[in-house]
Amino acid sequence: MICELIIANKRSGKMWDVTNSTTTVSYTTERTGSPGKLTFTVIKGGDLDFLEGDIVRFSVDGTLVFYGWVFTKSKDRWGLIEVTCYDRIRYLKANASYAFYGQTADQIIAQIAADRQIATSVLASTGYQIPSLVETDQSCLDIIQGVLETTLLNTGTIYVLYDDGNGLALSRPEDMQYPVMVGDKSLLTDYTYKTDIDEQTYNSIKLVRPNEETGRADVVVVEDSANIGQWGLLQLYQQVDGDVNTAQMTEQAKATLAYYNRRMRTLKVQSLGIVGVRAGGMIRMKVQGLGDINLDQWVLLEKVTHTFENDVHTMEFETLEI
């Protein structure tokens, strides 16, 4: 394994290869709500000189793992500098106000990125046109995540926003499958398996739409009576835009119920590292005797942390929807 960690000073144009001055590099991605994050500790030496906003590039065996910018530095009396870097998604934390009408998620992302002067890569076409969306003084990242959630609840399709090193990218998890197996006798070193109906399980969906003509709210409820009898009433209440008609509300409620009406299975895994694996992608897992199931399928990666230390690459990841 050959690692390369480069810091580039934007003011002077000078670059430093600090690979040999760094003992541990950690890289974390999450499927929703957070930018890619790279942390490392470098020994201050020679003419090394960099500031917040300077560029950091990390590669392994010639494959780009991270490209981003320095956001935090701290140095102790012994000259050890702890550095935290983020990718382009960090710049989506800025607040803004928007009104969108009849636009798809990829079109909205492209517009927000252009406004924030953030480069884009390949944005998958999501197809579904959101009737209307008005947001005031919200973070751009929250706006985008809301748009992707609306697309999911109306189409049943998950889309993942991430930085591929060239710009913001949008893909389906099915298009980010990694050709490796993790499980019994294959890279796996440890795991924790949990089942619950506590956090993201709903067996009743209630959608409410304001009606200016009647002065009352129009309501659509779709539920699973069998699971209500088993688990009790677990209801998700959501307001929808006034431009959505009753038929669209019903289809959205059905799609939402289909997604949330299940017992959640989550798996936290420790394994040997695989270069390129990131949150939002899918990986094949095979573990016999995993609680109530024998796991042999593709799983969705919610959070992935790579650690590179003393020429050893390990990985921890969390999965959903097993």
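Two strands are taken to pair if DSSP finds at least two bridges between them, and strands (E, at least two residues) and helices (H or I, at least four) are DSSP runs numbered from the N terminus. The structure is a predicted model in which local features need pLDDT of at least 70 and side-chain atom pairs count only at pLDDT 80 or more, whereas totals for chains, interfaces and linings use all residues. Residues are numbered from 1 along each chain as its sequence is written, and side-chain values use heavy atoms, with hydrogens and water left out.

By the pairing rule, β9 and strand β12 (residues 168-171) run in the parallel sense over two bridges, and L123 stands opposite L170 in β12. These strands belong to an open sheet of three strands in the order β9-β12-β11, whose pairing is mixed. Because β9 (120-123) and β11 (160-163) stand at the edges with a single partner strand each, one side of each is left without a neighbour in the sheet. From one strand to the next, the twist averages 20 degrees; angles run from 0 to 180 degrees between N-to-C directions, and axes are lines fitted to C-alpha atoms, for helices over the stretch in contact. Helix α1 packs on this sheet and touches β9, β11 and β12, its direction making about 175 degrees with that of β9.

Helix α1 (residues 105-115) also meets α2: their axes come within 10 Å and cross at roughly 170 degrees. That makes α1 roughly antiparallel to α2, a term for angles over 145 degrees, whereas those under 35 count as roughly parallel, 65 to 115 as roughly perpendicular and the rest as oblique. With contact meaning heavy atoms within 4.5 Å, A105, I108, I109 and I112 in α1 meet C140, I143, I144, V147, L148 and T151 in α2. The residues of this contact divide into nine nonpolar, one polar and no charged, where Ala, Val, Leu, Ile, Met, Phe, Trp, Tyr, Cys and Pro count as nonpolar, Asp, Glu, Lys and Arg as charged, and the others, Gly among them, as polar.

Helix α2 (residues 140-155) packs against helix α4 (residues 246-260) as well, at an angle of about 95 degrees and with the axes 6 Å apart. That makes α2 roughly perpendicular to α4. Here E149, L152, L153 and N154 in α2 meet Q252, A255, T256, Y259 and Y260 in α4. By class, this contact has five nonpolar, three polar and one charged residues.

A second open sheet of three strands has the order β16-β15-β17 and mixed pairing. Its edge strands, β16 (217-223) and β17, each pair on one side only. Strand β15 (residues 204-210) pairs with β17 in the parallel sense over five bridges, and the bridge partner of I205 in β17 is L236.

On a 1 Å grid over the protein atoms alone, a pocket is an open set of points with protein on both sides within 12 Å along at least five of seven lines, a cavity is a set where a 1.4 Å probe fits but cannot get out, and lining residues have an atom within 4 Å of a point. A volume is the space filled by probe spheres set on the points, which are joined across faces, edges and corners. The largest pocket holds about 420 Å³. Of its 18 lining residues, the closest to the centre are L133, G146, T150, Q239 and Q252. The largest share of the lining, six residues, comes from α2.
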